[in-house]
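Dear colleague,

I am passing on the structure we spoke about, and my notes on it follow directly below. Please read them with the coordinates open beside you.

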Amino acid sequence: MKMDFMGVHHIMTDRITLNYEVSAEDFTRAGEASSDVKKKLKQMGVEPSTITKVAIAMYEGEINMVIHAQGGQINVVISPDEVLMKLADRGPGINDIEKAMEAGFSTAPDNIRALGFGAGMGLPNMKKYSDEMQIETEIGKGTTVTMKVFLS
Amino acid sequence: MDKFFTSVQLDEELCKGCINCIKRCPTQAIRVRNGKACITKKFCIDCGECIRICPHHAKKATYDPLSVMNDYEYTVALPAPSLYGQFNNLDDVNIVLTALKRMGFDDVYEVSGAAELVSEMSRKYVEKHKEKWPIVSTACPSIIRLIRVRFPNLLDHLLPIQAPVDLAAAVARQQAMEKTGLSTDKIGIIFISPCPAKVSAVKTPLGIDKSNVDAVLAIKDVYPVLLGFMKEAVDHIEDLSISGKIGVGWGNCGGEASGLLTDNYLAADGIENVIRVLEDLEDEKFSNLTFIELNACSAGCVGGVLTVENPYVAKVKIKRMIKYMPVAMNHLPKKEELQKAYLSINPFWTSRVEYEPVFKLGDNLKEGIEKMSLVEDYIKKFPGLDCGACGAPTCQALAEDIVRGVAKEKDCIYILKQKIHKISDEFSELE
Ligand SMILES: Nc1ncnc2c1ncn2[C@@H]1O[C@H](COP(=O)(O)OP(=O)(O)O)[C@@H](O)[C@H]1O
Ligand code: SF4
Ligand SMILES: [Mg+2]
């Protein structure tokens with residue numbers, strides 16, 4: 001359905017798609033995408049504790065794209081039922097997913113640890129805070145993490 | 001009283017409609033409409049940033065005139081600890097307190113005295129409520145107001161203990177009534193405040209039903225008058241002080257937290273820094289912190305917009321002054337009376353602070369998503385310059401305003417220009 005809303009030809013929609021480019025060049029910008037999503041979810045009226053789940057899961061994924069891969073794209077689709085997050089990078093891929101999922105496991109180098117990252121809790125937290133999570137990875141090609149948080 | 005009352009107001013005559021305040025406001029509560037700034041009250045947290053930035057002095061705080069002292073038969077002055085940071089070479093706060101009496105107050109009651117009691121109670125509360133760690137300070141009213149509109153997840157972390165000024169007011173009223181036999185309406189409990197936020201906290205308190213403060217004066221109004229009386233007071237100093245290091249230290253950022261006698265705290269000042277801390281706290285990025293002290297103003301209350309001294313200079317002055325003070329005066333004999341008074345007053349909040357989702361775009365999720373996608377459509381049409389010419393601080397804010405129905409697309413001068421070009425092209429075709 002199409003409607004005219006004060007001059008904008010707007011296609012009525014029950015979902016909204018947000019795309020973010022995550023750059024690994026500037027470390028200090030990591031977390032910007034999840035912070036933007038958080039702000040928008042508040043404006044949309046999503047329940048506060050659900051926003052926390054999305055914000056934490058996405059933040060950890062975003063940080064991983066920056067410190068373990070060379071950045072990538074995040075695609076977020078918000079509908080009345082769920083928030084779907086797809087984080088795709090063209091990094092080195094994950095060798096052993098089971099191992100990577102273990103609490104405390106990390107391959108982060110010392111300089112990254114010095115910044116307070118690399119505690120090995122990222123993937124476990126993503127699993128904990130999302131309602132569904134799926135990892136597709138290929139060595140040398142990249143990793144795509146898909147997470148869902150249900151809204152109702 | 002309106003639950004979104006704000007002390008910060010606009011002086012229409014002085015306002016030139018420039019974009020300084022709309023750019024600086026941390027909650028984007030200000031727009032320029034019809035050439036004048038206007039504050040959306042429900043977004044405003046009374047932090048005073050616009051008062052600081054306005055080059056035309058068109059933003060002002062509402063508070064009481066000095067003459068309010070004459071409205072009561074008996075008055076008690078409640079000086080904020082930040083007042084002590086305003087003076088050069090002050091080595092005895094009793095000079096300030098004596099001068100307040102000479103200025104016309106019948107009695108004085110140091111807010112820093114109550115602050116020490118709050119510190120003691122907070123210590124116990126923090127110890128007992130590990131499940132709420134980190135506990136967030138609530139002495140700065142701007143912070144509570146910020147959290148209630150923007151950080152609903154953090155409401156449970158708030159320290160549910162009255163701010164020192166409210167506790168001081170309750171005790172001061174009780175003591176004044178006992179001492180004079182006067183009825184409550186004849187007694188004026190008058191706070192000398194560093195900021196407009198405290199005015200709002202008195203008019204529309206959060207956490208408690210009613211504040212015992214009757215009137216609020218600005219430090220900057222009291223200061224010049226007080227200076228004269230301080231010269232006189234030096235020779236007749238009365239021993240009126242009821243606080244030590246911990247209480248007076250509350251005037252500086254970090255003072256409240258250090259009163260908890262723990263190292264596991266974070267203290268932040270300046271509203272933008274505070275917002276960053278709250279964002280991180282919301283994302284659970286802190287572990288092992290027991291307490292978070294937040295001050296809307298740089299350097300703490302000494303940086304309040306109604307003070308006179310440079311905040312960092314005032315901070316040093318307080319630090320020097322408290323150096324040789326006793327740690328606290330809670331257990332000195334002269335505070336015994338006070339301890340008793342406080343036993344009869346409930347120092348805790350009596351109601352929860354509730355989330356006010358003022359930034360929400362729609363009434364339900366479906367509508368929210370619909371409106372947000374409309375916002376995105378508008379943003380694509382705007383040039384992304386955040387020029388402020390439309391009266392909104394950013395293109396994003398204008399898009400949200402349009403969707404909320406309070407602005408129009410042609411408020412964007414680039415869109416307007418395009419429209420004018422189109423019309424003039426059509427017009428020339430007619431010729
Ligand atoms: N996007 C990714 N690309 C490549 N490796 C990854 C990615 N995300 C996670 N990993 C691997 O999984 C490990 C565990 O990740 P995580 O639990 O987030 O802990 P941390 O980031 O602290 O190392 C990482 O150290 C890294 O070896
Ligand atoms: S930090 Fe202190 S002076 Fe500044 S707004 Fe908060 S209470 Fe007022
Ligand atoms: Mg990680």
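A polar side-chain atom of Thr107(A) lies 2.5 Å from an oxygen atom of ligand 1, which is a polar contact in the sense used here (a pair of N or O atoms within 3.5 Å; within protein, one must be able to donate a hydrogen and the other to accept it, and residues adjacent in sequence count only if both atoms are side-chain atoms). An oxygen atom of ligand 1 is also 2.7 Å from a polar backbone atom of Gly120(A), and an oxygen atom of the ligand is 2.9 Å from an N or O atom in the side chain of Asn64(A). On its own, ligand 1 has 530 Å² of accessible area, of which the protein covers 94% (Shrake-Rupley method with a 1.4 Å probe).

This is a predicted model, in which local features need pLDDT of at least 70 and side-chain atom pairs count only at pLDDT 80 or more, while totals for chains, interfaces and linings use all residues. Residues are numbered from 1 along each chain as its sequence is written, chains are lettered from A and ligands numbered from 1 in the order in which they are written, and side-chain values use heavy atoms, with hydrogens and water left out.

Around ligand 1 there are 18 residues (each with a heavy atom within 4 Å of it), and those that come nearest are His68(A), Ser106(A), Thr107(A), Gly120(A) and Leu123(A). The shell divides into 8 nonpolar, 9 polar and 1 charged residues, and helix H5 (residues 122–129) of chain A gives the most to it, with 3 residues; helices (H or I, at least four residues) and strands (E, at least two) are DSSP runs, numbered from the N terminus.

In chain B, an open sheet of 4 strands has the order E6-E5-E8-E9, with parallel pairing (two strands pair if DSSP finds at least two bridges between them). Strands E6 (107–108) and E9 (215–218) of chain B each have a single partner strand, so one side of each is left without a neighbour in the sheet. Strand E8 (residues 187–193) of chain B is joined to E9(B) by 4 bridges, and Ile192(B) has Leu217(B) as its bridge partner in E9(B).

Lastly, Thr138(B) lies in the loop between strand E7 (135–136) and helix H5 (141–150) of chain B, and a polar atom of its side chain lies 2.8 Å from the backbone oxygen of Leu159(B). Thr138(B) counts as buried because its relative accessibility is 5%, the limit for buried being under 20%.

With best regards

Key: Ala, Val, Leu, Ile, Met, Phe, Trp, Tyr, Cys and Pro count as nonpolar, Asp, Glu, Lys and Arg as charged, and the others, Gly among them, as polar. Buried means under 20% relative accessible area, exposed over 50%, partly exposed in between (1.4 Å probe, protein chains only).
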